[in-house]
Every structure is written in C-alpha cells, then in structure tokens.
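Thanks for coming, everyone. Please have a look at the sequence and the model before I start.

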Amino acid sequence: MHDFWPSCNYRLLRVDADGRLAVSDEFLKSYLLRPELAPIPESCAAELELHERLLANPRRSVAGREVDAVADSDARENYRIWLRFRDRLLAAPSVEAAYVGLFEGDGVDVPPLFVHQLTQVLLRHLLGGEADPVHARAAEMLFRTQKISILEDGAVMAADERSVELYATTGGFGSLGELLVQNRTPSRTIELDVMSQDNAAGYWNRDERYDLAISLNRGQPALAALCRVLEKWIAHFLLVDVTIEPKREIDDARWVWHVGLDSEASSLLNDLYNRVEIADDRMERLLCLFELRFADPTVTHEAIGGRPVYLAMAIDAERRLRLKPQNLLLNLPLARRQ
C-alpha cells in the first residue's frame, strides 16, 4: 500500500457506502491551518476569535459582521473565499458532487488552487493505495501545469512547470542557488530525471517533489497510463465504462462529437471539425489525439449511434499544458444528462 500525496489530506476524508468521499471536520480544519488563514503575530483580536471559533467548529455559521470585523483586508477576503468554498462542500452530498458543482451555473467562483486541490484528492481516491507509479505521475498532469519540451529526436517530454521554474532559478540548490543566480555565478546544470521502468518504483519516495519528467510519445508508458487514469476518472464520476486510446489523426467522415482536454485543444478541435484553416504554428501545439469509445453505446445520445468521441490535448504559446479533467464530466454525450 502506498500513502502517496499526503499533503492533499485525503486521509482526513471519509468514504461513504457508495464509495464517494464525505467531508470531515478535520478536513475542513486543515484549510484553517494553511498560511492563507492561519493567524500571524499581527492578526487582530477579531481575526483570532474567528479562527478559534472555526477551529472548534469548522461547520459553524459565520455572520458577515464577523468577517467584516477582521482588520486586515487580505485576511478578510481569504475568509470570504474559504467560507464560500466550505459552504459548497457542506451543501453537496459528496466531495464528488461538490467538485462537479463548481463548474455548473454561472461558473467557478473559487480560486484555481481549491479546484486543483480537490482534483488531487479525488485522483488519490480513485487510484487507491495499490496505484501504479506511472499512473500516479500521469495523474499529476490533471492538477499541475506541465511544461512541454520537444527534443531534436522527436521526443515529447512533460515536466512539472513549478519544478522547471525552481531548477531554472536555483539550479536545484534552493536559497543558495538563488544567491548564485543573483550574483551571476554559474552553477552546474541539473536536469530533471525522466521516469522509466527502471526508476518508476522510486516515485513513492519523491511523490510530492514533482520532479520526474515523462515522455508523451505514442507507445510510451506515460501516455498509456494517462488513458487509464482518464478511464477511471470517467467511471468513478459518471458510472460508465469507456476505453481511451491515442490516435494519430481523425480520419472520420462521420465525426460527431469531440471534447478538448484543455482550452487550447477545445479551440483546435472546434476549428478542425468546422474545417477552419489553421495556421501551422498553431497546429503544432496539438500534442495528442485520443479516441474514446463507450462499452455500452446506449448510454449516449441517440444521435451518437455508437460513434467514438475524439479527445485532444494541446499546449499554449508558452508550451504549457493545462488539462481540465472536468471537461470529461460535463461535455460527454451521455443521454441521461440531457
């Protein structure tokens, strides 16, 4: 059993009889201990009192005047944001339902940080304690931005953007590296390790360092792992079985449905579907196409008629990949969602 990603606080949640996650007081309290909400020496009496009361009962109703009494404007806004998020969690029957609810209606009204944290918690749940390390690394792509490099030999490499920035700034030496950079002192080059069959088991000792790069080329384990993770994601939320496989191109005269796994891919697929001419430099941003098929075609709209759904992921102009797994929950052509 692997207790990976411990800082997401998955272990503070409860699992109900249906296999859904239920919010606990301890999970809510964990947010109150984060730097955004934890008191500091300069905190006023009203802020200290509010924090203490919420720690004693994180589900308690909070009057607007209690937040208004907090002297620091940043602290006031942080409490308002967190309380709105907390109320969404408490109003929903499960964390899964709260997560989907974030994207319905007038749009997301909580910071991306909260969305990514819930995505990680949910992935931790569906991967389970017996997760394959390559699957766990591939799952990181759903809640952490990836920086994409295309090497001269055609290898497409994905690395965690924050880790890339850290090494670019410090050379891997932390504050010492920052000092060297400020003084323009050259430091030795440190490259992120590339995940392979030989070092995959070592992921469990560095699961929260986010410093393993992966290859996204067809036929590589990471791309296949991403497909399996997306299949589990859909099965857990929508209770339908699908198969997802990488595809070289969409050569389908009866193309009826597609879903972009990120904003860039959504735009590209829409233009391809509508036969809009796409500039070469924009087309080069398309990383991968996928074909999704439903095990039971009757769960889809009648108009789909058992046809595949095409998926894609693409990078932005700065070679960042920002996947949005919620797109698969909201945009698949399921009959019962109509």
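First, the ground rules. This is a predicted model, where local features need pLDDT of at least 70, side-chain atom pairs count only at pLDDT 80 or more, and totals for chains, interfaces and linings use all residues. Residues are numbered from 1 along each chain as its sequence is written, and side-chain values use heavy atoms, with hydrogens and water left out.

Overall build. The protein has 13 helices and eleven strands. Both are DSSP runs numbered from the N terminus: helices are H or I with at least four residues, strands are E with at least two. How compact is the protein? The radius of gyration is 22 Å, close to the 20 Å that the globule rule gives for 338 residues, so the protein is as compact as a globular protein of that length. That radius is taken over C-alpha atoms, and the rule is 2.2 Å times the number of residues to the power 0.38. The C-alpha trace spans about 65 × 60 × 45 Å along its principal axes.

Now contacts, meaning heavy atoms within 4.5 Å. Take those with a separation of 6 or more: residues 24 or more positions apart account for 65% of them.

Next, the inside. Of the 338 residues, 47% are buried. Buried means under 20% relative accessible area, exposed means over 50%, and partly exposed is in between, with a 1.4 Å probe and protein chains only.

A nonpolar core is a set of buried Ala, Val, Leu, Ile, Met, Phe, Trp, Tyr and Cys residues joined through side-chain atoms within 4.5 Å. The largest one has 89 residues. Those with the most contacts inside it are Trp-5, Trp-82, Phe-290, Met-313 and Leu-332. Which helix gives this core its largest share? H10 does, with eleven residues. A second, separate core has ten residues, among them Ala-265 and Leu-289.

On to the rings. The structure holds 14 aromatic pairs. Rings of Phe, Tyr and Trp (its six-membered ring) pair if their centres lie within 6.5 Å; planes under 30 degrees apart are stacked, over 60 edge-to-face, and the rest tilted.

Take Phe-27 and Tyr-31. Their ring centres are 5.4 Å apart and their planes sit at 85°, so the pair is edge-to-face. Both residues lie in helix H1, residues 25-32, four residues apart, about one turn of the helix. Phe-27 and Tyr-31 are both buried.

Now Trp-233 and Phe-237. Here the centres are 4.7 Å apart and the planes are at 50°, so this pair is tilted. Both lie in H10, residues 221-238, again four residues apart. Trp-233 and Phe-237 are buried too.

There is also a cluster. Phe-4, Trp-5, Phe-143, Tyr-203 and Trp-204 form it together. Arg-124 lies over the face of Phe-4, 4.4 Å from the ring centre. A charge sits over a ring if NZ of Lys or CZ of Arg is within 6 Å of the ring centre and within 35 degrees of the ring normal. Arg-144 does this with Tyr-210, at 3.8 Å from the centre.

Finally, two single residues. His-116 is in helix H6, residues 112-127. Buried or partly exposed? His-116 is partly exposed, at 34% relative accessible area. Asp-296 is in the loop between strands E9 (286-294) and E10 (309-314). Asp-296 is partly exposed as well, at 37%. Its C-alpha atom is 17 Å from that of Leu-329, 33 residues apart along the chain.
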